Amino acid sequence: MNDTFLRACRGEDVEYTPIWIMRQAGRYLPDYQEVRRKVDFLTLCKTPELAAEVTIQPVDILGVDAAILFSDILIPLESMGMKLRFLEKKGPVLSRPVRKMKDVEALRTIKPKKDVPFVLDTIKILRRKLRKKVPLIGFAGAPFTLATYMIEGGSSKNFLHTKTMMFSAPEVFHSLMERITETTMEYLSAQIRAGAQAVQIFDSWAGALAPDDYREHSLPYVKKTIEALKPLGVPIIYFVNNCGGLLELARTAGADVIGIDWRVDIGKAITKLGKGVSVQGNLDPLALFADERVLESKVKEILKKGSRARGHIFNLGHGIIPQTSPDMAKKLVQMVHELSG
Ligand code: CP3
(Lines give C-alpha, C1' and ligand atoms only; values in the text may rest on other atoms or scores of the structure.)
Protein backbone atom coordinates (compact mmCIF):
# COMPACT_ATOMS: atom_id res chain seq x y z
CA MET A 1 0.00 0.00 0.00
CA ASN A 2 1.04 3.60 -0.63
CA ASP A 3 1.50 4.90 2.92
CA THR A 4 3.40 8.13 2.11
CA PHE A 5 0.51 10.16 3.52
CA LEU A 6 0.57 8.39 6.91
CA ARG A 7 4.36 8.67 7.11
CA ALA A 8 4.30 12.41 6.35
CA CYS A 9 1.66 12.84 9.08
CA ARG A 10 4.06 11.25 11.57
CA GLY A 11 7.09 13.15 10.27
CA GLU A 12 8.80 10.04 8.87
CA ASP A 13 10.83 9.88 5.64
CA VAL A 14 8.95 9.81 2.32
CA GLU A 15 10.10 9.29 -1.30
CA TYR A 16 7.95 12.20 -2.47
CA THR A 17 5.48 14.66 -0.95
CA PRO A 18 2.03 13.06 -0.67
CA ILE A 19 -1.02 15.01 -1.84
CA TRP A 20 -4.76 14.80 -1.39
CA ILE A 21 -7.29 17.52 -2.15
CA MET A 22 -9.96 18.86 0.18
CA ARG A 23 -13.38 18.11 -1.37
CA GLN A 24 -11.65 15.82 -3.87
CA ALA A 25 -14.87 13.86 -4.35
CA GLY A 26 -17.39 16.30 -5.71
CA ARG A 27 -19.15 18.20 -8.41
CA TYR A 28 -16.06 19.09 -10.49
CA LEU A 29 -15.82 15.37 -11.39
CA PRO A 30 -18.22 14.22 -14.16
CA ASP A 31 -18.09 10.74 -12.58
CA TYR A 32 -19.46 12.19 -9.33
CA GLN A 33 -22.17 14.11 -11.18
CA GLU A 34 -23.27 10.91 -12.87
CA VAL A 35 -23.85 9.19 -9.51
CA ARG A 36 -25.41 12.34 -8.07
CA ARG A 37 -27.96 12.58 -10.89
CA LYS A 38 -29.61 9.45 -9.55
CA VAL A 39 -29.77 10.39 -5.83
CA ASP A 40 -29.81 13.54 -3.72
CA PHE A 41 -26.77 14.47 -1.66
CA LEU A 42 -27.99 13.14 1.70
CA THR A 43 -29.09 9.84 0.15
CA LEU A 44 -25.65 9.56 -1.40
CA CYS A 45 -24.05 10.08 2.04
CA LYS A 46 -26.35 7.43 3.54
CA THR A 47 -25.91 4.72 0.90
CA PRO A 48 -22.62 2.97 1.72
CA GLU A 49 -22.03 1.39 -1.71
CA LEU A 50 -22.49 4.73 -3.46
CA ALA A 51 -20.59 6.76 -0.87
CA ALA A 52 -17.70 4.30 -1.18
CA GLU A 53 -17.82 4.54 -4.97
CA VAL A 54 -17.49 8.34 -5.04
CA THR A 55 -14.81 8.23 -2.33
CA ILE A 56 -12.63 6.09 -4.60
CA GLN A 57 -13.22 8.13 -7.77
CA PRO A 58 -10.51 10.75 -7.09
CA VAL A 59 -8.05 8.04 -6.02
CA ASP A 60 -8.40 6.35 -9.41
CA ILE A 61 -8.84 9.47 -11.54
CA LEU A 62 -6.30 11.84 -9.97
CA GLY A 63 -3.84 9.48 -8.29
CA VAL A 64 -4.00 11.18 -4.87
CA ASP A 65 -2.20 9.57 -1.93
CA ALA A 66 -5.18 9.40 0.45
CA ALA A 67 -8.94 8.89 0.22
CA ILE A 68 -11.35 10.90 2.38
CA LEU A 69 -14.65 9.36 3.44
CA PHE A 70 -17.54 10.76 1.43
CA SER A 71 -19.94 12.35 3.90
CA ASP A 72 -20.54 15.80 5.36
CA ILE A 73 -19.62 17.53 8.61
CA LEU A 74 -23.32 18.25 9.21
CA ILE A 75 -24.45 14.58 9.22
CA PRO A 76 -24.02 14.07 13.01
CA LEU A 77 -26.25 17.07 13.71
CA GLU A 78 -29.22 14.99 12.59
CA SER A 79 -28.36 12.46 15.30
CA MET A 80 -28.30 15.30 17.82
CA GLY A 81 -31.93 16.01 16.92
CA MET A 82 -31.73 18.69 14.24
CA LYS A 83 -33.50 18.58 10.89
CA LEU A 84 -31.00 18.91 8.02
CA ARG A 85 -31.71 19.61 4.37
CA PHE A 86 -29.48 20.60 1.46
CA LEU A 87 -31.12 23.03 -0.95
CA GLU A 88 -29.82 23.19 -4.51
CA LYS A 89 -28.88 26.88 -4.60
CA LYS A 90 -28.76 27.70 -0.91
CA GLY A 91 -26.68 24.91 0.61
CA PRO A 92 -27.38 23.42 4.04
CA VAL A 93 -30.46 24.41 6.07
CA LEU A 94 -31.04 23.40 9.68
CA SER A 95 -34.59 24.14 10.74
CA ARG A 96 -35.25 25.34 14.29
CA PRO A 97 -31.76 26.70 15.02
CA VAL A 98 -30.30 26.54 18.53
CA ARG A 99 -30.75 29.90 20.27
CA LYS A 100 -31.78 29.27 23.92
CA MET A 101 -30.74 26.99 26.78
CA LYS A 102 -33.87 24.89 26.25
CA ASP A 103 -32.74 24.25 22.64
CA VAL A 104 -29.35 23.08 23.92
CA GLU A 105 -30.96 20.86 26.52
CA ALA A 106 -33.09 19.17 23.86
CA LEU A 107 -29.97 17.95 21.99
CA ARG A 108 -28.85 14.32 22.21
CA THR A 109 -25.38 12.77 22.05
CA ILE A 110 -24.76 10.59 19.02
CA LYS A 111 -24.72 6.79 19.32
CA PRO A 112 -22.76 6.04 16.16
CA LYS A 113 -23.68 2.37 15.69
CA LYS A 114 -27.38 3.15 16.01
CA ASP A 115 -27.53 6.67 14.53
CA VAL A 116 -24.99 6.59 11.68
CA PRO A 117 -24.45 2.92 10.77
CA PHE A 118 -24.11 4.00 7.14
CA VAL A 119 -20.92 5.97 7.93
CA LEU A 120 -19.33 2.99 9.68
CA ASP A 121 -20.46 0.63 6.89
CA THR A 122 -18.99 2.96 4.24
CA ILE A 123 -15.66 2.93 6.09
CA LYS A 124 -15.66 -0.87 6.26
CA ILE A 125 -16.37 -1.20 2.53
CA LEU A 126 -13.66 1.36 1.78
CA ARG A 127 -10.98 -0.35 3.83
CA ARG A 128 -11.59 -3.50 1.81
CA LYS A 129 -11.58 -1.71 -1.54
CA LEU A 130 -8.59 0.50 -0.74
CA ARG A 131 -6.46 -2.28 0.70
CA LYS A 132 -3.77 -2.17 -1.98
CA LYS A 133 -4.19 1.53 -2.71
CA VAL A 134 -4.13 4.38 -0.19
CA PRO A 135 -5.11 5.15 3.43
CA LEU A 136 -8.59 6.33 4.36
CA ILE A 137 -9.18 9.62 6.20
CA GLY A 138 -12.27 10.03 8.38
CA PHE A 139 -13.45 13.48 9.45
CA ALA A 140 -15.71 15.70 11.50
CA GLY A 141 -16.38 19.40 11.88
CA ALA A 142 -14.67 21.17 14.78
CA PRO A 143 -17.15 22.02 17.55
CA PHE A 144 -17.07 25.77 16.81
CA THR A 145 -17.64 25.28 13.08
CA LEU A 146 -20.57 22.95 13.78
CA ALA A 147 -21.97 25.41 16.34
CA THR A 148 -22.14 28.14 13.67
CA TYR A 149 -24.41 25.95 11.50
CA MET A 150 -26.56 24.95 14.48
CA ILE A 151 -27.00 28.51 15.72
CA GLU A 152 -27.33 30.27 12.36
CA GLY A 153 -29.49 27.52 10.83
CA GLY A 154 -27.16 27.28 7.84
CA SER A 155 -24.20 29.07 6.28
CA SER A 156 -23.47 32.60 7.41
CA LYS A 157 -21.49 35.69 6.43
CA ASN A 158 -20.88 37.44 9.74
CA PHE A 159 -22.06 34.87 12.32
CA LEU A 160 -24.50 37.32 13.88
CA HIS A 161 -26.41 34.83 16.05
CA THR A 162 -23.34 32.78 16.94
CA LYS A 163 -21.36 35.74 18.20
CA THR A 164 -24.39 37.27 19.90
CA MET A 165 -24.78 34.06 21.90
CA MET A 166 -21.03 33.80 22.52
CA PHE A 167 -20.77 37.35 23.85
CA SER A 168 -24.11 37.81 25.60
CA ALA A 169 -25.05 34.30 26.76
CA PRO A 170 -21.70 32.53 27.19
CA GLU A 171 -23.17 29.88 29.50
CA VAL A 172 -25.59 28.82 26.75
CA PHE A 173 -22.81 28.85 24.18
CA HIS A 174 -20.45 26.79 26.35
CA SER A 175 -23.06 24.17 27.16
CA LEU A 176 -23.80 23.86 23.45
CA MET A 177 -20.07 23.44 22.77
CA GLU A 178 -19.86 20.74 25.48
CA ARG A 179 -22.65 18.77 23.82
CA ILE A 180 -21.17 19.08 20.34
CA THR A 181 -17.77 18.00 21.69
CA GLU A 182 -19.28 14.86 23.26
CA THR A 183 -20.85 13.95 19.92
CA THR A 184 -17.68 14.73 17.96
CA MET A 185 -15.56 12.53 20.24
CA GLU A 186 -18.00 9.63 19.94
CA TYR A 187 -18.34 10.11 16.20
CA LEU A 188 -14.61 10.23 15.42
CA SER A 189 -13.76 7.36 17.81
CA ALA A 190 -16.36 5.24 16.02
CA GLN A 191 -14.90 6.14 12.61
CA ILE A 192 -11.42 5.14 13.80
CA ARG A 193 -12.68 1.88 15.30
CA ALA A 194 -14.46 1.12 12.00
CA GLY A 195 -11.15 1.56 10.14
CA ALA A 196 -10.35 5.23 9.44
CA GLN A 197 -6.54 5.45 9.38
CA ALA A 198 -6.34 9.18 10.09
CA VAL A 199 -8.94 11.83 10.91
CA GLN A 200 -9.27 15.47 9.96
CA ILE A 201 -11.10 18.01 12.10
CA PHE A 202 -12.42 20.83 9.91
CA ASP A 203 -12.43 24.21 11.68
CA SER A 204 -13.66 26.00 8.57
CA TRP A 205 -14.89 29.10 10.40
CA ALA A 206 -12.34 29.42 13.25
CA GLY A 207 -10.76 32.30 11.34
CA ALA A 208 -13.88 34.39 11.95
CA LEU A 209 -12.82 34.68 15.60
CA ALA A 210 -10.43 37.13 17.25
CA PRO A 211 -7.52 35.22 18.81
CA ASP A 212 -8.79 35.72 22.39
CA ASP A 213 -12.24 34.45 21.43
CA TYR A 214 -10.74 31.52 19.54
CA ARG A 215 -8.70 30.65 22.66
CA GLU A 216 -11.79 30.70 24.83
CA HIS A 217 -14.57 29.52 22.53
CA SER A 218 -13.10 27.04 20.05
CA LEU A 219 -9.66 25.77 21.07
CA PRO A 220 -10.53 24.06 24.42
CA TYR A 221 -13.12 21.89 22.70
CA VAL A 222 -10.77 20.88 19.89
CA LYS A 223 -8.13 20.05 22.51
CA LYS A 224 -10.59 17.91 24.43
CA THR A 225 -11.60 16.08 21.26
CA ILE A 226 -7.99 15.40 20.29
CA GLU A 227 -7.08 14.22 23.81
CA ALA A 228 -9.90 11.68 23.66
CA LEU A 229 -8.73 10.39 20.27
CA LYS A 230 -4.97 10.23 20.92
CA PRO A 231 -5.05 6.79 22.61
CA LEU A 232 -6.57 5.34 19.43
CA GLY A 233 -3.22 5.94 17.75
CA VAL A 234 -4.11 7.37 14.33
CA PRO A 235 -2.78 10.72 13.03
CA ILE A 236 -5.05 13.66 13.72
CA ILE A 237 -5.14 16.59 11.29
CA TYR A 238 -6.53 19.90 12.47
CA PHE A 239 -7.49 22.15 9.53
CA VAL A 240 -7.89 25.80 10.49
CA ASN A 241 -9.26 27.98 7.72
CA ASN A 242 -8.08 31.60 7.81
CA CYS A 243 -5.45 30.46 10.30
CA GLY A 244 -3.11 33.48 10.00
CA GLY A 245 -3.73 35.02 13.39
CA LEU A 246 -4.33 31.71 15.15
CA LEU A 247 -1.37 29.48 14.28
CA GLU A 248 0.49 29.49 17.60
CA LEU A 249 -2.76 28.83 19.44
CA ALA A 250 -3.91 26.14 16.99
CA ARG A 251 -0.64 24.27 17.49
CA THR A 252 -1.49 23.78 21.17
CA ALA A 253 -4.57 21.73 20.24
CA GLY A 254 -2.25 18.71 20.11
CA ALA A 255 -2.85 17.52 16.53
CA ASP A 256 -0.18 15.62 14.58
CA VAL A 257 -0.76 17.80 11.52
CA ILE A 258 -1.96 21.39 11.15
CA GLY A 259 -3.82 22.14 7.90
CA ILE A 260 -3.43 25.73 6.74
CA ASP A 261 -5.20 27.93 4.18
CA TRP A 262 -3.44 29.78 1.34
CA ARG A 263 -3.59 33.25 2.90
CA VAL A 264 -0.44 32.53 4.90
CA ASP A 265 3.10 31.93 3.68
CA ILE A 266 3.73 28.25 4.39
CA GLY A 267 7.39 28.91 5.25
CA LYS A 268 6.43 31.46 7.89
CA ALA A 269 3.69 29.16 9.17
CA ILE A 270 6.24 26.35 9.61
CA THR A 271 8.52 28.68 11.57
CA LYS A 272 5.63 29.55 13.88
CA LEU A 273 4.48 25.94 14.27
CA GLY A 274 7.93 24.51 14.98
CA LYS A 275 9.29 20.99 14.55
CA GLY A 276 6.68 19.18 16.63
CA VAL A 277 3.97 18.96 13.97
CA SER A 278 3.58 18.19 10.28
CA VAL A 279 1.93 20.72 7.98
CA GLN A 280 -0.76 20.30 5.32
CA GLY A 281 -1.49 22.76 2.54
CA ASN A 282 -1.68 25.27 1.08
CA LEU A 283 -2.22 26.10 -2.60
CA ASP A 284 -4.93 28.65 -3.43
CA PRO A 285 -7.74 26.53 -4.97
CA LEU A 286 -8.03 29.17 -7.70
CA ALA A 287 -4.42 28.52 -8.78
CA LEU A 288 -5.95 25.59 -10.69
CA PHE A 289 -7.33 28.22 -13.07
CA ALA A 290 -3.86 29.57 -13.92
CA ASP A 291 -1.85 28.27 -16.86
CA GLU A 292 0.42 25.33 -16.18
CA ARG A 293 3.63 27.36 -15.90
CA VAL A 294 2.16 29.66 -13.27
CA LEU A 295 0.74 26.68 -11.40
CA GLU A 296 4.11 24.95 -11.51
CA SER A 297 5.96 27.91 -10.03
CA LYS A 298 3.47 28.10 -7.16
CA VAL A 299 3.72 24.37 -6.51
CA LYS A 300 7.54 24.55 -6.51
CA GLU A 301 7.52 27.37 -3.99
CA ILE A 302 5.18 25.51 -1.63
CA LEU A 303 7.20 22.29 -1.93
CA LYS A 304 10.47 24.13 -1.28
CA LYS A 305 9.13 25.87 1.81
CA GLY A 306 7.17 22.79 2.90
CA SER A 307 10.33 20.66 2.92
CA ARG A 308 11.42 22.50 6.08
CA ALA A 309 8.51 21.08 8.06
CA ARG A 310 8.73 17.86 10.09
CA GLY A 311 6.42 16.42 7.44
CA HIS A 312 4.51 18.06 4.58
CA ILE A 313 1.29 16.87 3.00
CA PHE A 314 0.42 18.88 -0.09
CA ASN A 315 -3.21 20.05 -0.32
CA LEU A 316 -5.22 23.06 -1.39
CA GLY A 317 -5.76 25.76 1.22
CA HIS A 318 -9.51 24.99 1.17
CA GLY A 319 -11.91 22.89 -0.91
CA ILE A 320 -11.56 22.52 -4.67
CA ILE A 321 -14.30 24.54 -6.36
CA PRO A 322 -16.94 22.95 -8.64
CA GLN A 323 -15.77 24.83 -11.79
CA THR A 324 -12.27 23.28 -11.64
CA SER A 325 -11.15 21.13 -14.57
CA PRO A 326 -10.43 17.54 -13.47
CA ASP A 327 -7.45 17.58 -15.86
CA MET A 328 -5.85 20.46 -13.96
CA ALA A 329 -6.40 18.64 -10.66
CA LYS A 330 -4.74 15.60 -12.17
CA LYS A 331 -1.82 17.72 -13.43
CA LEU A 332 -1.41 19.15 -9.93
CA VAL A 333 -1.07 15.67 -8.44
CA GLN A 334 1.51 14.68 -11.08
CA MET A 335 3.44 17.92 -10.58
CA VAL A 336 3.65 17.48 -6.81
CA HIS A 337 4.87 13.89 -7.21
CA GLU A 338 7.43 14.74 -9.90
CA LEU A 339 8.78 17.94 -8.41
CA SER A 340 9.21 16.47 -4.93
CA GLY A 341 10.39 12.98 -5.88
O1 CP3 B 1 -14.22 14.84 -0.87
C2 CP3 B 1 -14.33 15.23 0.29
O3 CP3 B 1 -13.68 16.17 0.78
C4 CP3 B 1 -15.23 14.46 1.24
C5 CP3 B 1 -16.55 14.93 1.37
C6 CP3 B 1 -16.89 16.25 2.08
C7 CP3 B 1 -18.05 16.99 1.74
N8 CP3 B 1 -18.19 18.01 2.64
C9 CP3 B 1 -18.95 16.66 0.63
C10 CP3 B 1 -19.91 17.67 0.13
C11 CP3 B 1 -16.29 16.89 3.16
C12 CP3 B 1 -14.99 16.57 3.88
C13 CP3 B 1 -17.13 18.00 3.50
C14 CP3 B 1 -16.85 18.91 4.63
C15 CP3 B 1 -17.71 20.08 4.83
N16 CP3 B 1 -19.06 20.22 4.63
C17 CP3 B 1 -17.24 21.30 5.39
C18 CP3 B 1 -15.83 21.55 5.87
C19 CP3 B 1 -14.91 21.83 4.75
C20 CP3 B 1 -15.05 23.18 4.14
O21 CP3 B 1 -15.38 23.23 2.94
O22 CP3 B 1 -14.84 24.17 4.84
C23 CP3 B 1 -18.32 22.18 5.45
C24 CP3 B 1 -18.28 23.62 5.94
C25 CP3 B 1 -19.48 21.49 4.97
C26 CP3 B 1 -20.87 22.00 4.89
C27 CP3 B 1 -21.41 21.99 3.53
N28 CP3 B 1 -21.68 20.85 2.79
C29 CP3 B 1 -21.81 23.10 2.76
C30 CP3 B 1 -21.70 24.53 3.19
C31 CP3 B 1 -22.30 22.60 1.55
C32 CP3 B 1 -22.94 23.39 0.43
C33 CP3 B 1 -21.93 24.11 -0.36
C34 CP3 B 1 -21.26 23.19 -1.33
O35 CP3 B 1 -20.03 23.17 -1.33
O36 CP3 B 1 -21.97 22.53 -2.06
C37 CP3 B 1 -22.16 21.19 1.56
C38 CP3 B 1 -22.53 20.25 0.48
C39 CP3 B 1 -21.51 19.25 0.04
N40 CP3 B 1 -20.67 18.56 0.87
C41 CP3 B 1 -21.29 18.80 -1.30
C42 CP3 B 1 -20.29 17.81 -1.23
C43 CP3 B 1 -19.75 16.98 -2.38
C44 CP3 B 1 -22.05 19.23 -2.53
C45 CP3 B 1 -23.33 18.49 -2.55
C46 CP3 B 1 -23.85 18.22 -3.93
O47 CP3 B 1 -23.49 17.21 -4.54
O48 CP3 B 1 -24.71 19.01 -4.36
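The expected span of a helix is 1.5 Å times one less than its number of residues. Helices (H or I, at least four residues) and strands (E, at least two) are DSSP runs, numbered from the N terminus. Helix H11 has 25 residues and reaches 36 Å from its first C-alpha to its last, close to the 36 Å expected at 1.5 Å a residue. After H11 comes Gly 195, whose phi is positive, near 135 degrees.

The model is predicted: local features need pLDDT of at least 70, side-chain atom pairs count only at pLDDT 80 or more, and totals for chains, interfaces and linings use all residues. Residues are numbered from 1 along each chain as its sequence is written, and side-chain values use heavy atoms, with hydrogens and water left out.

**Nonpolar core**

A nonpolar core is a set of buried Ala, Val, Leu, Ile, Met, Phe, Trp, Tyr and Cys residues joined through side-chain atoms within 4.5 Å. Buried means under 20% relative accessible area, exposed over 50%, and partly exposed in between (1.4 Å probe, protein chains only). The largest such core has 129 residues, and those with the most contacts inside it are Phe 5, Tyr 238 and Leu 332. Helix H11 (residues 170-194) supplies the largest share of this core, ten residues.

Contact here means heavy atoms within 4.5 Å. With neighbours within four places in sequence left aside, the residues in contact with Tyr 238 include Ile 201, Asp 203, Tyr 214, Val 222, Val 257 and Ile 258.

Phe 239 is found in strand S6 (residues 236-240). Phe 239 is buried, with a relative accessible area of 0%. Again leaving aside neighbours within four places in sequence, Phe 239 is in contact with residues including Met 22, Gln 200, Phe 202, Gly 259, Asp 261 and His 318. The C-alpha atoms of Phe 239 and Asp 261 are separated by 8.2 Å, although these residues lie 22 residues apart along the chain.

Strand S4 (residues 136-141) is largely enclosed by the rest of the structure, because six of its six residues are buried. Both of its faces are covered: Leu 136, Gly 138 and Ala 140 are buried on one side, and Ile 137, Phe 139 and Gly 141 on the other.

Two strands pair if DSSP finds at least two bridges between them. Strand S1 (residues 67-68) pairs with S4 in the parallel sense over two bridges, and Ile 137 in S4 is the bridge partner of Ile 68. S4 also pairs in the parallel sense with strand S5 (residues 198-203), over five bridges. In S5, Gln 200 is the bridge partner of Phe 139.

**Cysteines**

A disulfide is a pair of cysteine sulfur atoms within 2.5 Å. By this rule the count comes to zero disulfides. Cys 243 is in no disulfide, and the nearest cysteine sulfur, that of Cys 9, is 17 Å away. Cys 243 is buried, with a relative accessible area of 0%. Cys 45 likewise counts as buried, at 1% relative accessibility.

**Salt bridges**

A salt bridge is a side-chain nitrogen of Lys or Arg within 4 Å of a carboxyl oxygen of Asp or Glu. The structure holds 19 salt bridges, including the following.

| Lysine | Glutamate | N to O distance |
|---|---|---|
| Lys 224 | Glu 182 | 3.9 Å |
| Lys 304 | Glu 301 | 3.8 Å |
| Lys 305 | Glu 301 | 3.7 Å |

The salt bridge of Lys 224 with Glu 182 links distant parts of the chain: Lys 224 is in helix H13 (residues 219-229) and Glu 182 in helix H11, 42 residues apart. Lys 224 counts as partly exposed at 32% relative accessibility, and Glu 182 is also partly exposed, at 30%.

The other two pairs lie within helix H16 (residues 292-306). Lys 304 and Glu 301 are three residues apart in H16, so they are separated by about one helical turn. Lys 305 and Glu 301 are four residues apart in this helix and are therefore also separated by about one helical turn. Salt bridges that share partners join Asp 265, Glu 301, Lys 304 and Lys 305 into one network.
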